[in-house]
Amino acid sequence: MNRKHIRKFSFMVMFAALNFIAFTYLKISIPLATGGAVAIHIANAIVVLSAWLIGPVAGGIAGAVGLSLADVLDPLYIASAPKTFFLKFMIGFIAGKTAEKMGLNETDDRKQIRKITLISAIAGLGFNVIFEPIITYLYRRYLLGVSAEAASILSTWMAGVTALNAVICVIVSVLLYQALYKYYRQIDR
C-alpha cells in the first residue's frame, strides 16, 4: 500500500468513527409502538462530507460501516442495520459522484463550491428521502414479517423524519465542507 492509499484508508476509518459517534451520541430517538425507532440526527451530513473529501466509494463505505455498526450496537436499531448499510452507502456514492462530475475538486470559487455541494447533497439525501421509507416498508413487511399496517405506520414516520433529517443534513454538510475543504486539500497533496 502506498502513502495515498494509507491516507485514504485512515480517513475512511476516521469518518466511519465520526458517523458512529454522531448517530450513537448526538441523535434524538423516537421509539415507535410498532417496534424499532426513528431518529433525528446529523450523521448523514458526515456521510456526504466524507464522500466529497475522500471520494464517492470511500465516503459511502465509511458512512455505511459507521452507521451500520451504530445500528448493530443499539437494540432499538439493530434490525435496521442491513438496510442502513445499503442506504448510507448510496447517500455517499450519489453525493460524491454528483460532486465529482460537477468538478468540486477542480474549483476554488466559493460560489461554485456552494452550488456544487448544495446540488450534490440534495441528490444524495434526496435518494434517501425517496427510498428509505420504501425500503423500510419492504424490509419490515417481507423480511422481518411485520404486519402490513405496522410496516406502513413505520414507513410513514420514517418518511417525515427522513425528510427533516435531509434538510438539516444538506445545510450542515454544505457548511462543514466550506469550513474544511481547504485544509483537507492541503493534507491530500
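Predicted model: local features only at pLDDT ≥ 70, side-chain atom pairs only at ≥ 80, totals over all residues.
**Exercises on charged residues**

Helix 5 (residues 110-143) contributes the most to the positive patch, with three residues. Residues are numbered from 1 along each chain as its sequence is written, and side-chain values use heavy atoms, with hydrogens and water left out.**Exercise 1.** Find which residues gather in the patch of positive charge on the surface.

Step 1. Take Lys and Arg as positive, and Asp and Glu as negative, with His and the chain ends not counted. Step 2. Keep residues with over 30% relative accessible area (Shrake-Rupley, 1.4 Å probe) and no salt bridge, and join like charges within 9 Å. Charges are placed at NZ of Lys, CZ of Arg, CG of Asp or CD of Glu. Step 3. The patch holds R110, K111, R114 and K182. R114 lies in helix 5 (helices are DSSP runs of H or I, at least four residues; strands are E runs, at least two).

**Exercise 1.** Determine which residue forms a salt bridge with K27, and whether the two are buried or exposed.

Step 1. Look for a side-chain nitrogen of Lys or Arg within 4 Å of a carboxyl oxygen of Asp or Glu. Step 2. The partner of K27 is D74, with the closest N and O atoms 3.3 Å apart. The two are 47 residues apart in the chain, each in a loop. Step 3. K27 and D74 are both buried (under 20% relative accessible area; exposed is over 50%, partly exposed in between).

**Exercise 2.** Locate the residues of the salt bridge between K83 and E132.

Step 1. Their closest N and O atoms are 3.0 Å apart. Step 2. K83 sits in helix 4 and E132 in helix 5. Step 3. Both K83 and E132 are buried.

How values were computed. Patch = residues over 30% accessible without salt bridge, like charges linked within 9 Å, V, L, I, M, F, W, Y side chains within 5 Å. Buried < 20%, exposed > 50% of the residue type's maximum accessible area, 1.4 Å probe, protein only.
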